2 protein chains.
Amino acid sequence: MGKLNTKETIIKEGARLIHAKGYNNTGLKEILNAAGVPKGSFYFYFQNKEDFGLNVLESYAQFIQHKAVKYAGDKCIAPLERLEHFFDAYQRHFKKLGFKFGCPIGNLMQEMSDLSDTFRARINTIYSRMQLFIEECLADAQNRGDISQTIDINATAKFIIDSWEGAIMHMKLCKNEQPLEIFKQHVFRYILTIESNRGVR
Amino acid sequence: MGKLNTKETIIKEGARLIHAKGYNNTGLKEILNAAGVPKGSFYFYFQNKEDFGLNVLESYAQFIQHKAVKYAGDKCIAPLERLEHFFDAYQRHFKKLGFKFGCPIGNLMQEMSDLSDTFRARINTIYSRMQLFIEECLADAQNRGDISQTIDINATAKFIIDSWEGAIMHMKLCKNEQPLEIFKQHVFRYILTIESNRGVR
């Protein structure tokens, strides 16, 4: 294995284990065993477990970014439809995984927000990017007149991403897609419509 | 300390530590130190850490149940107002804690759903009770004509509790109450209104 490959392999195996078991619940030894590298090799690439964890976080962020571009990046498609494609793609992805593991960013947000300010700051940045992606879809939808002009797209994007994370968490618990279906129904039926202007009456 | 007191003290200290740090991240030794009891004493009351963890879960469930009765149990108050009181009470509670720790049930749902079927089943039962409490408020509201007859109160209760959990998780990340405010605004402005009948047109 070349140097770049070794580093990537450690991150990939670590990302898989942390996604499945949590950050604090995954030992360094387990990661090294899975990656098939000696301990010295780990410290050649990473200062410590936290430094490694931040690299893993970045790999999750890239995965999500990739999905966002793939399923919602095509501006020829109507913005609300793009957004729905994105949620549908994730739903298929979660189904393939047997509704296990959930959102790696949501997992670490829940686990690490009170335990490490370094993690918290990095997760906050990634989460803001996820929220911005939704906000951009809403801005396009508002410009086209597909949703009400009275919607505060910044607040609504926050509500949507938080509710999505909550639905994913519940999916992990009940091991079926019902929470994701209910999420989509409610968001697209009650909020993202042209008629949702009750807030200002 | 009497026997009941010792058991209760271990559960109380364990509940505090697990709420702050997570289940797998909290060692038995730490719990015993905090409770000021020897290891033998622990195994007198609990078969193992999992058995202890289930007792801790039950103590969280009782706390939530208590808050639900206290802030939303008074049937003289209109159902949507009761529901708002409940969310407001939690918001004040979280604020007092510096927006740390979050929901203990949400934390363990996120951490344990894939790691222990025993935990998962117990959390599922508790979470269903939380959802049912919301559903009962919605049923009352629908009977009084305060919300649309077209709302599927079971699905909407699920959406509300999941979105609430997502908002709490985000609150832990950003360390302020904005996600909770946004949650309330969206739920009460767009969904829990008499006019939200677009779903069936």
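**One residue and the chain interface**

Modeller: Please keep in mind that this is a predicted model. Leaving aside residues up to four places away in sequence, A:Ile123 touches A:Leu57, A:Ile105, A:Leu108, A:Met109, A:Met112 and B:Leu173.

Biologist: Is A:Ile123 buried or exposed?

Modeller: A:Ile123 is found in helix H7 of chain A, which covers residues 117-143. A residue counts as buried if 20 or more other C-beta atoms lie within 10 Å of its own. Because A:Ile123 has 24 other C-beta atoms within 10 Å, the term that applies is buried.

Biologist: How are the two copies, chain A and chain B, related?

Modeller: Chain A can be laid on chain B with an RMSD of 0.0 Å, by a turn of 180° and a shift of 0.0 Å along the axis. The two copies are therefore related as by a two-fold rotation axis.

Biologist: Which element gives the largest share of the side of chain A that touches chain B?

Modeller: In this interface, 46 residues of chain A are in contact with 46 residues of chain B. The elements of chain A that give two or more residues to this side are helix H1 (3-21), helix H6 (104-112), H7, helix H8 (153-174) and helix H9 (178-191). The largest share, 14 residues, comes from H8(A).

Biologist: How many residues of the side of chain A that touches chain B are charged?

Modeller: That side, to which H7 of chain A gives two or more residues, divides into nonpolar, polar and charged residues. There are 17 nonpolar and 17 polar residues, and the number of charged ones is 12.

Technical notes: Residues numbered from 1 in each chain as written. Chains lettered and ligands numbered in written order. Predicted model: local features only at pLDDT ≥ 70, side-chain atom pairs only at ≥ 80, totals over all residues. Helix = DSSP H or I, 4+ residues; strand = E, 2+ residues; numbered from the N terminus. Buried ≥ 20, exposed ≤ 12 C-beta atoms within 10 Å, placed from the backbone. Contact = placed C-beta atoms within 7 Å. Least-squares fit on C-alpha atoms with pLDDT ≥ 70 in both. Nonpolar A, V, L, I, M, F, W, Y, C, P; charged D, E, K, R; others polar.
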